[in-house]
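Thanks for coming. I will walk through one structure, with a few residues, the spaces inside and the charged pairs.

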Amino acid sequence: FLSMGIMSNFVGKFMEAGYTLPEILPMLGIAGVVAIPGSMFVGWLDVKLGTKKAGIIVNILALVAIIFCLTPIRPLHYCALPILACMLGGSSNLMVSCTAAIWGRYDFQNAFRVIQPLNAIFTGLGITVVGIVGTNFSYTTAYYVMCGMALCGLIAMCVLKVEPIDKEVR
């Protein structure tokens, strides 16, 4: 929801904030380039701290980045870029890691057949909701919606039991 909601409406949000297109395009470039090592960083967090802790950290960082983007302070917008990039690059890693951690090696394929389409639905909802709210109200309002979604994601990650399910459930 968040990564595609942010990236698909990035230009509109920052033009609304007073940036020009020549200022925004390098920002998108920075986010795109940093997303590659950002993905590796999230993977490293996942290996070192575990899927749940890595997910909590990524959700906290997403919340911080969105809050930075809600301020009128331009340096904070630039500080948000690498955080958004890590979220953009690493969110797919966590979907796979959570599925593997809960369903295990043998049931992963069956579980991922359900998880991946659900993820695609939420990705589409992110683009749609931010686009509709941004166009009809303001992109600032859309970012407040995403802030709420980031908080929901953080809470969900905190309560998620990331441990293998027992064989009886399988």
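Alanine 62 touches Leu2, Ile83 and Met87, leaving aside neighbours within four places in sequence. This is a predicted model, so please keep that in mind throughout. Alanine 62 belongs to helix H4. Is alanine 62 buried or exposed? Its relative accessible area is 2%, and because the cut-off for buried is under 20%, alanine 62 counts as buried. There is also a longer link along the chain to mention. Alanine 62 and leucine 154 sit 92 residues apart in sequence, while their C-alpha atoms are 9.2 Å apart in space.

How many cavities of 30 Å³ or more does a search of the whole structure find? The search finds 1. The largest cavity holds about 40 Å³ of space. Helices H3, H4 and H5 each give two or more residues to its lining. The lining itself consists of Phe41, Val42, Leu45, Val58, Leu61, Cys86 and Met87. Met87 is also one of the contacts of alanine 62. H3 makes the largest contribution to the cavity lining, with 3 residues. By class, the cavity lining has 7 nonpolar residues, with no polar and no charged ones.

Now the open space. The largest pocket has a volume of about 1,000 Å³. There are 29 residues lining this pocket, and those closest to its centre are Phe1, Asn59, Ser91, Met95 and Asn119. Which helices supply at least two residues each to the lining of the largest pocket? They are H1, residues 2-8, H4, residues 51-70, H5, residues 74-136, and H6, residues 139-159. H5 provides the largest share, 15 residues.

The salt bridge count is 2. In one of the pairs, glutamate 23 meets arginine 74 through their side chains, at 3.2 Å from N to O. Glutamate 23 is in helix H3, residues 21-49, and arginine 74 is in helix H5, so this pair links distant parts of the chain, 51 residues apart. Glutamate 23 has a relative accessibility of 30% and counts as partly exposed. Arginine 74 is partly exposed as well, at 32%.

Another salt bridge joins lysine 161 and glutamate 163, whose closest N and O atoms are 3.7 Å apart. Lysine 161 counts as exposed, because its relative accessibility is 60% and the cut-off is over 50%. Glutamate 163 is partly exposed, with a relative accessible area of 42%.

Last, a charged residue without such a partner. Lysine 13 lies in helix H2, residues 10-16. Which side chain of opposite charge is nearest to lysine 13? That is glutamate 16, 5.7 Å away. What does lysine 13 touch, apart from residues up to four places away in sequence? The list is Cys69, Tyr139, Thr140 and Tyr143.

That is all I have; questions are welcome.

Notes:
Residues numbered from 1 in each chain as written. Predicted model: local features only at pLDDT ≥ 70, side-chain atom pairs only at ≥ 80, totals over all residues. Heavy atoms only, no water. 1 Å grid on protein atoms, 1.4 Å probe; cavity = no way out; pocket = protein on both sides within 12 Å on 5 of 7 lines; lining within 4 Å. Points joined across faces, edges and corners; volume = space filled by probe spheres on them. Helix = DSSP H or I, 4+ residues; strand = E, 2+ residues; numbered from the N terminus. Buried < 20%, exposed > 50% of the residue type's maximum accessible area, 1.4 Å probe, protein only. Lys, Arg positive; Asp, Glu negative; His and termini not counted. Salt bridge = Lys/Arg side-chain N within 4 Å of Asp/Glu carboxyl O. Contact = heavy atoms within 4.5 Å. Nonpolar A, V, L, I, M, F, W, Y, C, P; charged D, E, K, R; others polar.
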